[in-house]
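Hi,

Here is the structure I promised to pass on. Have a look at it first, and then read my notes below.

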Amino acid sequence: MSVTSLSRPLSDARKGDTGVVSFVHATGEQGHDLERRLLEMGFVEGARVEVLHEGLIGRDPMAVRVDDMRVALRRREAGFISIEPQAA
Amino acid sequence: MTDVAISPARIALVGNPNCGKTALFNALTGSRQKVANYAGVTVERKEGSFTTPDGRRISVLDLPGTYSLRARSPDEEVTRDVVFGRRAGEAMPDVLVCVADATNLRLVLRLILELKQVGRPMVLALNMYDIAQRQGIAIDLDGLSKALGVPIVTTVATRRRGIEDLVREVDRLAVGAVSPVSEWREPTAAEIREAHRQSQRILKEFVKPPARPDTFTGRLDSVLLHPVLGSLLLLFVLFLMFQAVFAWAKPPMDFLQACFDGLGVWITHVMPDSLLRSLLTDGVISGVGTVIVFLPQILIVFFFIICLEDFGYMARAAFLMDRIMGGAGLHGRAFITLLSSVACAIPGIMSTRVIDNKRDRLTTILIAPLMTCSARIPIYTLIISAFIPNRNVWGPINLQGLVMFGLYAAGIVSALLISFIIRKIFWRTASEPFLMELPAYKVPDVLNVARGVWQRAEMFLKRAGTTILSMAILIWFFSSFPRPPAGATQPAIDYSLAGMIGHWVEPIMQPIGFNWQMSVSLIPGMAAREVSVAALGSIYAISAHGDDTSKLGATLATHWSLATALAFLAWYIFAPQCASTLAVVKRETNAWRWPIIMFVYMVVLAYAAAFATYHVAVAMGWGH
């Protein structure tokens with residue numbers, strides 16, 4: 001899947017925002033491993049996501065619906081996931 | 001039947017977390033189960049067995065839940081190694097039973113594709129099938145089975161539905177078990193993506209999405225995960241738990257106390273005054289009895305924890321607490337460790353095995369014993385009921401309950417502070433990613449909760465019957481020998497070994513307000529904290545010249561000042577008085593270094609806290 005100009009990191013999304021995962025790529029020391037963990041938890045290109053809840057302090061962590069399950073993650077990790085608006 | 005057909009077989013249950021694996025394990029094995037640890041690690045090993053209608057004995061291993069065989073934490077390593085037959089001391093399972101939550105198949109399908117590469121005979125148990133049906137999820141079982149290449153059985157573990165079918169399938173597969181050729185290797189990111197696409201295709205073709213999706217979880221989450229409301233509710237749940245520990249546990253505790261008192265009186269009546277009678281009444285009954293009385297409170301703590309876990313609330317609590325935990329340099333999951341440590345530091349420390357980062361894990365282990373474990377409850381209750389007036393200070397808020405809450409809070413705050421110091425000063429590394437599934441809420445199954453609580457009760461009673469009993473007898477011996485000389489004026493214990501040790505350490509403990517009886521009680525308290533109460537019971541029962549009717553609390557109230565009592569409480573917030581915890585830390589970390597560091601830092605904190613408390617309290621005029 002290509003990264004379009006409409007892509008933005010999931011970490012920028014607010015409660016109620018929806019989209020489709022367009023790109024997952026983790027960088028940094030543990031990036032290679034983190035990317036596989038994100039994939040294993042269902043953050044794979046094409047998955048539909050919706051931000052369900054946000055934490056009290058700094059809106060962190062966030063609870064995200066990934067297809068038909070719910071996953072909690074911190075915004076730092078959510079930054080490695082790009083989403084784009086769902087095609088109509 | 002040939003010999004082959006009835007030869008015993010081994011199966012292992014594998015699956016994602018929260019798929020009802022343990023409920024299925026319970027349904028298969030009933031009460032024939034054994035909880036222990038895997039050799040070398042403190043990953044809980046649950047094994048059980050059952051016999052098929054043909055008479056084949058099948059042993060079942062309940063493996064830790066995982067999303068992938070690419071193990072990252074000690075418990076996932078156990079699952080991987082057992083599945084591959086690589087774990088020392090564990091035979092390779094003949095059949096793998098992959099347990100899946102029928103309402104949440106996406107991730108488990110990928111795990112199944114991975115498990116298939118292992119090459120073992122496998123059956124897929126679609127568990128919670130009733131919920132899937134209720135939600136109107138239509139699963140083409142034949143199609144799915146063909147696409148995955150594994151037989152499928154539908155089960156409702158909590159209602160024991162589909163268990164016979166599963167047993168039959170396992171029985172059939174066990175006969176044909178051949179030695180496997182594993183093709184598995186750690187998948188690359190590209191391979192995980194490909195497996196996802198494949199499972200997505202399978203899902204689309206054979207599973208129709210729910211006609212009546214579960215809206216309950218979403219609606220409940222909008223309250224329980226609400227930034228403000230959710231946090232307040234979490235505090236309320238914790239507060240309710242502590243109040244329940246006191247209010248609900250009181251009647252059964254009074255009953256147990258009356259039983260042990262009655263037993264002591266009865267023995268005094270039927271037996272002549274002798275050493276044996278003294279051993280039974282002053283040693284065994286006042287020692288073990290004092291501890292067993294706290295069983296109801298410990299059961300209530302575990303009841304709450306198991307219910308919250310089974311309901312799915314623990315993951316929410318971790319979510320709500322993640323930022324606070326993160327501020328202290330910890331992983332959100334550390335909250336589950338800390339909450340389990342409220343029952344006992346040992347399961348708490350064991351629960352750190354899901355934390356992958358080594359430093360995160362060690363930090364969590366080091367602070368887990370600061371949480372108020374149930375073994376401290378006997379001590380806290382004894383001192384609070386003897387020294388803190390039982391009155392309401394503000395509406396229904398009871399002063400005794402408030403002090404107890406304060407002690408728990410002191411444990412939590414100090415745990416976070418210590419963690420902060422470790423992570424921000426000694427180990428400044430990026431912390432572990434927080435990534436966890438928020439499972440759908442489920443009403444806890446009564447039988448599974450009861451079994452969990454019972455297993456904990458069994459462990460506690462076993463400890464009371466072994467460690468605590470032997471310590472009680474040892475303390476009695478120490479407190480009774482040597483016998484006082486003829487014409488002694490002081491209580492007998494003054495002349496005993498215990499008295500000598502107590503007097504010897506007294507100068508060290510005097511600055512923190514401890515008398516020699518307290519100093520003596522700390523020594524057996526090393527075995528387990530609650531033994532201190534037993535020790536105080538024995539010491540004061542003996543030094544009170546057989547004044548059997550006086551309750552320990554009342555005795556203490558006449559012997560100790562309020563300042564001393566408060567210092568004793570402060571000491572126990574920090575004191576590393578649990579040999580089993582230190583032993584578990586040694587086993588978990590595989591080095592003596594960590595239990596030694598833990599012991600030293602906790603003793604220093606305990607002494608400092610008791611010192612400060614005592615002197616502040618004396619300054620407040622509570623020194624008499």
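Let me start with one spot in chain B: Asn18(B) sits in the loop that links strand E1 (9-15) to helix H2 (21-29) of chain B. Helices (H or I, at least four residues) and strands (E, at least two) are DSSP runs, numbered from the N terminus. Phi of Asn18(B) is near 65 degrees, which is a positive value in a residue other than glycine. For background, most residues other than glycine have a negative phi, and most peptide bonds are trans. Is Asn18(B) buried or exposed? Asn18(B) counts as buried, because it has 20 C-beta neighbours inside 10 Å. The cut-offs are these: a residue is buried if 20 or more other C-beta atoms lie within 10 Å of its own, exposed if 12 or fewer, and partly exposed in between, with C-beta atoms placed from the backbone.

Before you go on, some housekeeping. This is a predicted model, so local features need pLDDT of at least 70 and side-chain atom pairs count only at pLDDT 80 or more, while totals for chains, interfaces and linings use all residues. Residues are numbered from 1 along each chain as its sequence is written, and chains are lettered from A and ligands numbered from 1 in the order in which they are written.

**Chain B as a whole**

Chain B has 27 helices and 12 strands. Its radius of gyration is 27 Å, close to the 25 Å that the globule rule gives for 624 residues, so chain B is as compact as a globular protein of that length. (The radius of gyration is taken over C-alpha atoms, and the globule rule is 2.2 Å times the number of residues to the power 0.38.) Taken along the principal axes, the C-alpha atoms of chain B fill a box of roughly 90 × 60 × 45 Å. Of the 624 residues in chain B, 48% are buried. If you look at contacts in chain B between residues at least 6 apart in sequence, 73% join residues at least 24 apart. Two residues are in contact if their C-beta atoms, placed from the backbone, lie within 7 Å.

**Chain A as a whole**

Chain A has two helices and six strands, and from the N terminus on its elements run β-β-α-β-β-β-α-β. Its radius of gyration is 12 Å, close to the 12 Å from the globule rule for 88 residues, so chain A is as compact as a globular protein of that length. The C-alpha trace of chain A spans about 35 × 30 × 25 Å along its principal axes. Of its 88 residues, 48% count as buried. For contacts in chain A between residues at least 6 apart in sequence, 57% join residues at least 24 apart.

Two loops in chain A deserve a look. Pro61(A) lies in the loop between strand E3 (48-54) and strand E4 (62-66) of chain A, and a cis peptide bond with omega of about -5 degrees joins Asp60(A) and Pro61(A). In the loop between E4 and E5 of chain A you will find Asp67(A). Phi of Asp67(A) is near 50 degrees, a positive value in a residue other than glycine. Asp67(A) counts as buried, because it has 20 C-beta neighbours inside 10 Å.

**The sheet**

Which strands make up the open sheet, and in what order? There are seven, with antiparallel pairing, in the order E1(A)-E6(A)-E2(A)-E3(A)-E4(A)-E5(A)-E12(B). The edge strands, each pairing on one side only, are strand E1 (8-9) of chain A and strand E12 (435-437) of chain B. Two strands pair if DSSP finds at least two bridges between them.

- E1(A) and E6(A) run antiparallel and are joined by two bridges; Arg8(A) has Ile83(A) as its bridge partner in E6(A).
- Strand E2 (residues 18-24) of chain A runs antiparallel to strand E6 (residues 81-84) of chain A, with four bridges between them. Val21(A) stands opposite Ile83(A), and Phe23(A) stands opposite Ser82(A).
- Strand E5 (residues 69-73) of chain A and E12(B) run antiparallel, joined by three bridges. Leu73(A) has Leu435(B) as its bridge partner.

**Where the chains touch**

The contact takes 29 residues from chain A and 25 residues from chain B. On the chain B side, helix H4 (106-116), helix H8 (189-206), helix H14 (313-327) and E12 each supply at least two residues. H8(B) gives the most, with four residues. By class, the chain B side has 13 nonpolar, five polar and seven charged residues. Here Ala, Val, Leu, Ile, Met, Phe, Trp, Tyr, Cys and Pro count as nonpolar, Asp, Glu, Lys and Arg as charged, and the others, Gly among them, as polar.

Cheers
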